[in-house]
Amino acid sequence: MVTLFSLISALIVLAIMFLFASLKIVRQGYEYTIEHFGRFTTVARPGLNFYPAFFYSVGRRINMMEQVLDIPGQEIITKDNAMVAVDGVVFFQVLDAAKAAYEVSDLFVAIMQLTTTNLRTVMGSMDLDELLSKRDEINARLLGVIDHATNPWGVKVTRVEVKDIRPPVDIVNAMARQMKAEREKRANILEAEGSRASEILRAEGQKQARILEAEGRRESAYRDSEARERAAEAEAKATQLVSTAIEQGSTQAINYFIAQKYVEAIGKFATSPNAKTILFPVEATQLMGTLGGIGSLAREALGENIASPPTPAVKPRGPFEPRDQ
């Protein structure tokens, strides 16, 4: 009786152990490959899975999350024979657990070696200046090559980044001197262009000033000529009127003009700064007669019967007698 009870208990324990051994719990972000006597059969998804123990076993535990692989630094010779140290990083994700488990022996080592060789190939075909200025192009070329090569392994390469490019110290110093010389050249060019622009603007201003000045002189000359023309027209018209008056038998008009010129000449003598004594080269009676002619003209013009004032008796004065004060 005791032996039968012990046997049943042992069977129950074995059944429980078999049950627990057959349960496979897969964590989120992972997938397990299931092998039947060493042969791949299926992939266990995240969660609780039941596969009979001793008949089925877990082959590989594959990480399905995006992973980062650091590429160690290495020396690369560029197209222009410059030695540079380069390191990078690769982001990839396993999309097919079976291919990643059975199509390549060591996935991490394979991706690292593939990235290293292609890094040498891509960067070795470029000059140092291109290497330093075209990182985006390098990353894009590496991404295309590595992603195409890892596709049979069930891996998707999402990004390839070159972390650092370290040229030798002497090349860095030469590049610094080149950059300094280039900046000095740009500064000199900008200064020369500024001076040229300033001279051009100054010359344009002087040219514009001369043009405006010439236009002003031309306008002034035009107005002066127009004024002289109008004065000449007025003089001609006055002369014509005088001529008409003379033709009609009036001698008062010519007397008016003679008296006007006579008075102007005397005024110039009187306003001379050096003249202390004024000598009249003609008789005073002639001047009075001329003034009387002017009065007759005024009476004729106004049409009034104005009595003529008596002509004062003027004693002729010799040419050397002083003028009355």
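Buried means under 20% relative accessible area, exposed over 50%, and partly exposed in between (1.4 Å probe, protein chains only). The structure is a predicted model, in which local features need pLDDT of at least 70 and side-chain atom pairs count only at pLDDT 80 or more, while totals for chains, interfaces and linings use all residues. Residues are numbered from 1 along each chain as its sequence is written, and side-chain values use heavy atoms, with hydrogens and water left out.

Salt bridges were assigned where a side-chain nitrogen of Lys or Arg lies within 4 Å of a carboxyl oxygen of Asp or Glu; the count is 12. One of these joins K163 and D70, with 3.3 Å between the closest N and O atoms. K163 belongs to strand 8 (residues 155-166) and D70 to strand 6 (residues 67-77), so the bridge ties together parts 93 residues apart in sequence. Strands (E, at least two residues) and helices (H or I, at least four) are DSSP runs numbered from the N terminus. Both partners are partly exposed, D70 at 45% relative accessibility and K163 at 43%.

A salt bridge also forms between D87 and R166, at an N to O distance of 3.7 Å. This pair links distant parts of the chain, D87 in strand 7 (residues 83-94) and R166 in strand 8, 79 residues apart. D87 is buried at 14% relative accessibility, whereas R166 is partly exposed at 37%.

Within helix 6 (residues 169-247), K185 and E182 are 3 residues apart, or about one helical turn. Their closest N and O atoms are 3.8 Å apart in a salt bridge. K185 is partly exposed at 44%, as is E182 at 31%. Elsewhere, salt bridges with shared partners join D87, D164 and R166 into one network.
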